[in-house]
Amino acid sequence: PSTIIATTKVARKEADRIILSRLPTSAEHYDAWRIKAIAIMLSASVHPDGAKAYLKSLDDASMEELDEVPEEFSTFDAKVKAALLLVIETETDMGGRLLAKYQV
């Protein structure tokens, strides 16, 4: 007898928003915070593998390059920026300047 294997594709929905924890108070905890933040961001995406590559491309991006968002990541990018800007806003003066630039 032959075996029939049925597979079900689960539809994923992008998260409505991304919420990150506060920045760590010491530099020694930054790497752990960053790993956790990236995991949270990827879990919010419909395409986590593509989102991971997209986030990696932002590591050395200039402010101008941050405005060049591939269409398939436009809503994901907006949610990532909003989450990061909210963390930065509550922690540093730079947050206010970035919020003004991106008008979040």
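Asp59 has a relative accessibility of 37%, so Asp59 counts as partly exposed (buried is under 20% relative accessible area, exposed is over 50%, and partly exposed is in between, using a 1.4 Å probe and protein chains only). Lys56, at 59%, counts as exposed. Salt bridges with shared partners link Arg34, Lys56 and Asp59 into one network.

A quick word on the model: it is a predicted one, where local features need pLDDT of at least 70, side-chain atom pairs count only at pLDDT 80 or more, and totals for chains, interfaces and linings use all residues. Residues are numbered from 1 along each chain as its sequence is written, and side-chain values use heavy atoms, with hydrogens and water left out.

Now for the salt bridges (a side-chain nitrogen of Lys or Arg within 4 Å of a carboxyl oxygen of Asp or Glu). Searching the whole structure turns up five of them, including these:

| Pair | N to O distance |
|---|---|
| Lys13 and Asp16 | 2.9 Å |
| Lys79 and Glu14 | 2.8 Å |
| Lys56 and Asp59 | 3.5 Å |

Lys79 sits in helix α4 (residues 74–91) and Glu14 in the segment before α1 (30–44), so their pair ties together parts 65 residues apart in sequence. (Helices are DSSP runs of H or I with at least four residues, and strands are runs of E with at least two, numbered from the N terminus.) Glu14 is buried at 15%. Over in the Lys13 pair, Asp16 is exposed at 65%, and Lys13 is exposed too, at 62%.

What about the inside? In soluble globular proteins, nonpolar side chains tend to be buried together. Beyond its neighbours within four places in sequence, Phe76 is in contact (heavy atoms within 4.5 Å) with Glu14, Ile18, Met41, Ser45, Ala51, Tyr54 and Leu55.

Which residues of α1 are buried? They are Trp33, Ala37, Met41, Leu42 and Ala44. These cover an arc of only 165 degrees around the axis, which puts them on the same side of α1 (the arc is that of the directions from the helix axis to the C-beta atoms). Turned away from that buried side is a face with the exposed residues Asp31, Ala32, Ile35 and Ser43.
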